[in-house]
Structures are given as structure tokens and as C-alpha cells.
Amino acid sequence: MIAKCPCQQCGVNIEYEAENVNQFVLCPSCGKQTRLLLQGSREHALTSHAAKVNAKTEAIMKSCPDCGLQVSRRAFWCPACGSMGKSLFWKIWEIMAAFWLVNFVVVVLAFLIWKLFEILAR
Ligand SMILES: [Zn+2]
Ligand SMILES: [Zn+2]
């Protein structure tokens, strides 16, 4: 008989032979060790719940690239170390800076060419 239980580490559903229940196996999805829990048991229900909460937390949280703290995806910077990370705010700022730099170069070039023509026309 085939039974199913969620991985205790990543929550993915694992199918197993019912006779192997309570054995420790390596999860095919995340490669970590998990126990094959009996479907309908209290532990099975708890693991399913924990896996759902974990998945939800991972969807709304990201880890700070500098200190590894779990920070909300919407946070502009890390509250612990102040790192900007690769937040949306920082990306927009980079695009704006690049845009204005290009604009500045174009204006300077146009001015120089205009001056050059003025000198040549004399
Ligand atoms: Zn897993
Ligand atoms: Zn940080």
C-alpha cells in the first residue's frame, strides 16, 4: 500500500510503502532527513501544519544578504544591520542614477559639439 506524508523539512509530499512507516529517509526534494509519518496520526497533522507555516513564512520573508536575518520582503533595509540588500528601492535608485549619468554625458557632448561648430564657423 502506498502512503503519503509531508517532508518535515520542506513540506513536499513524499509517497512511501506503508510498511516503511516511521523510518527515516532522505527527502527527494530537499535532500534532508525526514521521518515517514503515518497518515492521520497526530505527528502527521502537526508536520503538515508546520510545513504550511514554513512555506508561508518563506513566501513573505527573505534573508538579509549581509547578516542572514529574516526580513520582510517589503522592508527597504535590514533593521539589524541597516543593509540595503537588493531591495526594489535600491534597484530603482540605481536605474535613476544611471539614467541621469547618461543624460549628463549627452548634454556635455552636445555642448562641446555646439562650441566646436561655433569655432569652426568663425
Ligand atoms: Zn524535503
Ligand atoms: Zn542584515
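**Starting with a helix**

Tutor: Keep in mind that this is a predicted model. Helix H2 covers residues 88-121, which is 34 residues, and it reaches 49 Å from its first C-alpha to its last, close to the 50 Å expected at 1.5 Å a residue.

Student: How many of the 34 residues of H2 are buried?
Tutor: The number is zero, so H2 lies largely in the open.

Student: And what about the chain, how much of it is buried?
Tutor: Buried residues account for 9% of its 122 residues.

Student: OK, new topic. What secondary structure does the chain have?
Tutor: There are two helices and six strands. Going along the sequence, the pattern reads β-β-β-β-α-β-β-α.

Student: Is the chain a compact globule, or more spread out?
Tutor: More spread out: the radius of gyration is 28 Å, well over the 14 Å that the globule rule gives for 122 residues.

Student: What does the C-alpha trace span along its principal axes?
Tutor: About 100 × 30 × 20 Å.

Student: Which domains does the assignment give?
Tutor: Domain 1 runs over 2-75 and domain 2 over 87-122.

Student: How far apart are their C-alpha centres?
Tutor: The centres of domain 1 and domain 2 lie 53 Å apart.

Student: Last one, on contacts. Of those between residues at least 6 apart in sequence, what share joins residues at least 24 apart?
Tutor: In this chain that share is 19%.

How values were computed. Residues numbered from 1 in each chain as written. Chains lettered and ligands numbered in written order. Predicted model: local features only at pLDDT ≥ 70, side-chain atom pairs only at ≥ 80, totals over all residues. Helix = DSSP H or I, 4+ residues; strand = E, 2+ residues; numbered from the N terminus. Rg over C-alpha atoms; globule rule 2.2 N^0.38 Å. Buried ≥ 20, exposed ≤ 12 C-beta atoms within 10 Å, placed from the backbone. Contact = placed C-beta atoms within 7 Å. Expected span 1.5 Å × (residues − 1). Domains from an automatic or database assignment.
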